[in-house]
Amino acid sequence: MGIDYKQYEKYVAKYQKENKKHLEAFRNDLEASHLSPKTIEKHIFNMDLYLNDYMNYEAPTPMKEGWCMIGMFFTWYFPRKCAFFNVTGAKSMMASLKKFYKLMVDNGLVEKEDYDEMIDEMKARREEFLRYCDEYFEDDFF
């Protein structure tokens, strides 16, 4: 059962409002880690893209469920929807996802078992994701 467009917009607005708080917490955590401003902005950009674009693309999805959506992100959404898509961008996104969802675990917003499952998938499929990124980028589908 799908939702109509007004419901879709309502959910997107709700999740974007929640995500704004999560991104603020993430920024504060990154700043406390004494990362460079450029690195902080890259992580924030990556997670804003993941949370507010990808996770709301077809069916609005709350942040706490995003940990299990990385496979589709790296093999479908990222290469097709992001003009800056490449292997370096994929590695950066993986680092951002790890840092962000670790903070969400630390803040009690995501279960540690879910985080561990995301990390396990990232480790198991890392080469696949990067190979896919490289092949897609080099095939010049744009």
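Predicted model: local features only at pLDDT ≥ 70, side-chain atom pairs only at ≥ 80, totals over all residues.

Reader: Let us start with packing. At what angle do the axes of helix α1 and helix α4 cross?

Author: Axis angles run from 0 to 180 degrees between N-to-C directions. Here α1 covers residues 5-32 and α4 covers residues 87-106. Their axes cross at roughly 105° and come within 10 Å. Angles of 65 to 115 degrees count as roughly perpendicular. α1 and α4 are therefore roughly perpendicular to each other.

Reader: Which residues of α1 and α4 make the contact?

Author: From α1 come His-22, Ala-25, Phe-26, Asp-29 and Leu-30. α4 supplies Ser-96, Lys-99, Phe-100, Leu-103 and Met-104. By class, that contact has six nonpolar residues, two polar and two charged.

Reader: Now α3 and α4. Are they roughly parallel or antiparallel to each other?

Author: Angles over 145 degrees count as roughly antiparallel. The axes of α3 (residues 70-81) and α4 cross at roughly 150°. α3 and α4 are therefore roughly antiparallel. Their axes come within 12 Å. The crossing is right-handed.

Reader: Which residues meet there, in α3 and in α4?

Author: On the α3 side, they are Ile-70, Phe-73, Phe-74 and Phe-78. On the α4 side, they are Gly-89, Ala-90, Met-93, Met-94 and Leu-97. The contact of α3 with α4 divides into eight nonpolar residues, one polar and no charged.

Reader: On to charges. How many salt bridges does a search of the whole structure find?

Author: The test is a side-chain nitrogen of Lys or Arg within 4 Å of a carboxyl oxygen of Asp or Glu. The search finds six salt bridges. One of them joins Lys-102 and Asp-106, at 2.7 Å from N to O.

Reader: Where do Lys-102 and Asp-106 lie?

Author: Both are in helix α4, four residues apart. That spacing is about one turn of the helix. Lys-102 is partly exposed, at 37% relative accessibility.

Reader: What salt bridge does Glu-121 make?

Author: The side chain of Glu-121 meets that of Arg-125, at 2.9 Å from N to O. These two residues lie in helix α5 (residues 112-138). They too are four residues apart, about one turn of the helix. Glu-121 is partly exposed at 22% relative accessibility, and Arg-125 is partly exposed at 23%. Salt bridges with shared partners join Glu-121, Arg-125 and Glu-128 into one network.

Reader: Which residue forms a salt bridge with Arg-126?

Author: Glu-127 does, with the closest N and O atoms 3.3 Å apart. Arg-126 has a relative accessible area of 33%, so it counts as partly exposed.

Reader: Last, single residues. Is Asn-19 buried or exposed?

Author: Buried means under 20% relative accessible area. Asn-19 has 2% relative accessibility, so it counts as buried. This residue is found in helix α1. Leaving aside neighbours within four places in sequence, Asn-19 is in contact with Leu-51, Asn-52 and Met-63.

Reader: And His-34: buried or exposed?

Author: Exposed means over 50%. His-34 has a relative accessible area of 72%, so it is exposed. His-34 lies in the loop between α1 and α2 (37-53). Check its backbone as well: His-34 has a positive phi of about 65°, although it is not a glycine.

Key
Residues numbered from 1 in each chain as written. Heavy atoms only, no water. Parallel < 35°, antiparallel > 145°, perpendicular 65-115°, else oblique. Contact = heavy atoms within 4.5 Å. Nonpolar A, V, L, I, M, F, W, Y, C, P; charged D, E, K, R; others polar. Buried < 20%, exposed > 50% of the residue type's maximum accessible area, 1.4 Å probe, protein only. Left-handed = near helix turned anticlockwise from the far one by under 90°.
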